[in-house]
Amino acid sequence: MGEHGARIGRARLMGLAAVIAAAVLALGVLVLSLGSGDDPAPDQASPAQSQLASPTKQQFSTATPEASPTPIKHAGILDGVAMSDQEWAERKDLLPLAVMVDNTTGAYPHTGLDTADLVYEALVEGGITRLMAVYWRLEAAKILPVRSARTPFVIWASELGALYGHAGGAVTENDANAMGQIYEWEILDLNAFSTIPSNYYYRDAERYGPYDLATSTDDLREAADRMGFSGPSAVESWKFRDPGTLLPSGKPAGGIAVDFSGRLYAWQYIQWKWDAGANRYLRFQFGGPHVDAVSGEQLAFASVIVMQAPSQVVDDDGHLIYDQLGTGPATVFTGGQAFEGTWKKQKRESRTRFYTLAGEEIVFERGPVFVEFISSQSTFAYFAAAGDLPTMPAYEPPPPGSFPVPEDAGPSPSPSPVPTPTASASPGTTATAAPSPAGTLSPSATAQPPKSATPGP
């Protein structure tokens with residue numbers, strides 16, 4: 001090759017080298033730019049860049065998890081429902097108020113059970129059940145029909161330290177002597193047949209005796225004030241779940257059947273059906289939904305407890321007592337699930353508590369609680385779905401003479417024409433009691449037992 005050709009070759013090589021150097025420099029700048037970690041500004045990013053970047057950011061997100069729900073500061077002492085500071089301030093010094101309610105067909109439909117925090121049901125003499133509605137967080141403008149006291153309920157009123165509203169009660173020479181126990185145990189007595197409380201009950205003109213005696217929580221609390229009964233309550237609350245906590249794993253329980261006699265009598269047979277949307281068990285009795293006379297709403301409870309204890313008939317009148325101290329089987333239904341376990345009660349004044357078979361105390365759903373207290377002769381069963389429940393027996397009134405004449409029944413079925421706060425001075429009358437002077441009475445002065453008091457179980 002000549003000298004001229006050699007110069008051309010060198011020039012070409014130098015040009016190529018320059019191109020390569022420029023390309024390397026550009027590549028280095030690009031690498032540095034990608035390595036800097038800076039994302040392009042949103043208005044500079046191309047659609048392709050946005051589509052590629054989005055999945056990567058979602059996949060490796062390090063966002064702070066949502067904060068846990070704030071723990072409940074105040075809650076109902078009986079139903080565990082959250083309360084505002086103002087609600088708590090207004091109610092913190094109140095005592096629970098327990099009221100006896102009839103549960104025969106003559107008493108139906110009831111009024112006031114729909115706002116109770118806690119309700120107990122147990123079989124009494126004559127093959128019928130009686131109810132005790134307990135109020136603290138909510139009020140009832142009308143409670144109807146109020147009936148007489150029985151020993152199992154007096155024991156529950158005692159463990160709650162509750163004001164006790166009733167119309168008379170069993171008077172016996174045995175362990176079913178409810179009136180004697182009210183006196184002996186110094187229950188905060190609001191007997192409709194006692195001087196001061198009688199002014200705070202009245203006969204409902206739309207009902208017939210003895211299913212016509214009515215009152216309200218406001219009336220009974222005013223009576224308690226006049227009697228000198230005051231809080232705050234010392235009751236030990238059950239355990240309730242905090243917001244955001246998961247329900248432990250139980251057995252599916254969409255339907256519950258309770259047969260107090262074990263013989264499928266329609267007036268002794270109860271069903272409960274789980275409503276997931278309402279997070280409540282709905283109550284059925286007398287062959288259909290159990291509804292409130294005023295609101296028209298079906299009774300609904302967050303938890304249903306079925307607890308069992310041996311019972312004993314103690315006299316010819318059929319009065320029942322139960323082994324309510326110690327321990328026994330219990331199943332708690334909450335959140336649509338069943339938790340089998342036991343109940344325990346150390347002494348009359350201590351709160352009945354519920355435990356799993358592993359010995360852990362059961363934690364309830366926040367909301368009203370219903371206790372079905374059955375004897376060893378009673379039966380109950382639960383089913384995974386409400387649709388699995390057997391068809392309820394069609395209601396038929398019990399045969400004449402099946403039930404004993406109640407001790408608080410009046411001699412005439414005629415209702416009182418004046419539905420004002422009055423009550424009988426003694427069972428069987430509808431005379432208006434004259435207002436008593438305001439004063440403070442000790443619990444033992446509110447009802448002298450007509451017979452010697454006999455300690456209960």
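# Cavities, pocket and aromatic pairs of a predicted model

The largest cavity is lined by Leu123, Val124, Glu125, Arg150, Thr151, Pro152, Ala176, His319, Leu320 and Tyr322. A cavity is a set of points on a 1 Å grid over the protein atoms alone where a 1.4 Å probe fits but cannot get out, and lining residues have an atom within 4 Å of a point. This is a predicted model, in which local features need pLDDT of at least 70 and side-chain atom pairs count only at pLDDT 80 or more, while totals for chains, interfaces and linings use all residues. Residues are numbered from 1 along each chain as its sequence is written, and side-chain values use heavy atoms, with hydrogens and water left out.

The volume of the largest cavity is about 60 Å³, where a volume is the space filled by probe spheres set on grid points joined across faces, edges and corners. The structure contains three cavities of 30 Å³ or more. At least two lining residues of the largest cavity come from each of β4, α4 (151-160) and β19; helices (H or I, at least four residues) and strands (E, at least two) are DSSP runs, numbered from the N terminus.

The second largest pocket holds about 280 Å³ of space. Of its 19 lining residues, Leu123, Gly127, Ser261, Arg263 and Gln268 are the closest to the centre. A pocket is an open set of points with protein on both sides within 12 Å along at least five of seven lines. Strands β4 (118-124), β18 (311-313) and β19 (320-322) each give this pocket at least two lining residues.

The table sets out both linings by residue class, with Ala, Val, Leu, Ile, Met, Phe, Trp, Tyr, Cys and Pro as nonpolar, Asp, Glu, Lys and Arg as charged, and the others, Gly among them, as polar.

| Space | Volume | Lining residues by class |
|---|---|---|
| Largest cavity | about 60 Å³ | six nonpolar, two polar, two charged |
| Second largest pocket | about 280 Å³ | eight nonpolar, nine polar, two charged |

Of the 457 residues, 46% are buried, that is, under 20% relative accessible area with a 1.4 Å probe and protein chains only. Contacts (heavy atoms within 4.5 Å) between residues at least 6 apart in sequence join residues at least 24 apart in 70% of cases.

Helix α6 (residues 217-227) has Thr217, Leu220, Arg221, Ala223, Ala224, Arg226 and Met227 as its buried residues. These pack against α3 (85-91), β3 (97-102), β5 (128-135), β6 (163-166) and β7 (188-191).

Rings of Phe, Tyr and Trp (its six-membered ring) pair if their centres lie within 6.5 Å; planes under 30 degrees apart count as stacked, over 60 as edge-to-face and the rest as tilted. The count by this rule is 17 aromatic pairs. Phe301 and Phe370 have ring centres 5.2 Å apart and planes at 85 degrees, so they form an edge-to-face pair. Because Phe301 belongs to strand β16 (residues 300-301) and Phe370 to strand β24 (residues 369-375), the pair ties together parts 69 residues apart in sequence. Phe301 is buried at 2% relative accessibility, and Phe370 is buried at 1% relative accessible area.

Phe354 and Phe364 are likewise edge-to-face, with ring centres 6.4 Å apart and planes at 85 degrees. Phe354 lies in strand β22 (residues 353-356) and Phe364 in strand β23 (residues 363-364), 10 residues apart. Both of these residues are buried. Ring pairs also link Tyr120, Phe153, Trp156, Tyr322 and Phe373 into a cluster.

Note on methods
Buried < 20%, exposed > 50% of the residue type's maximum accessible area, 1.4 Å probe, protein only.
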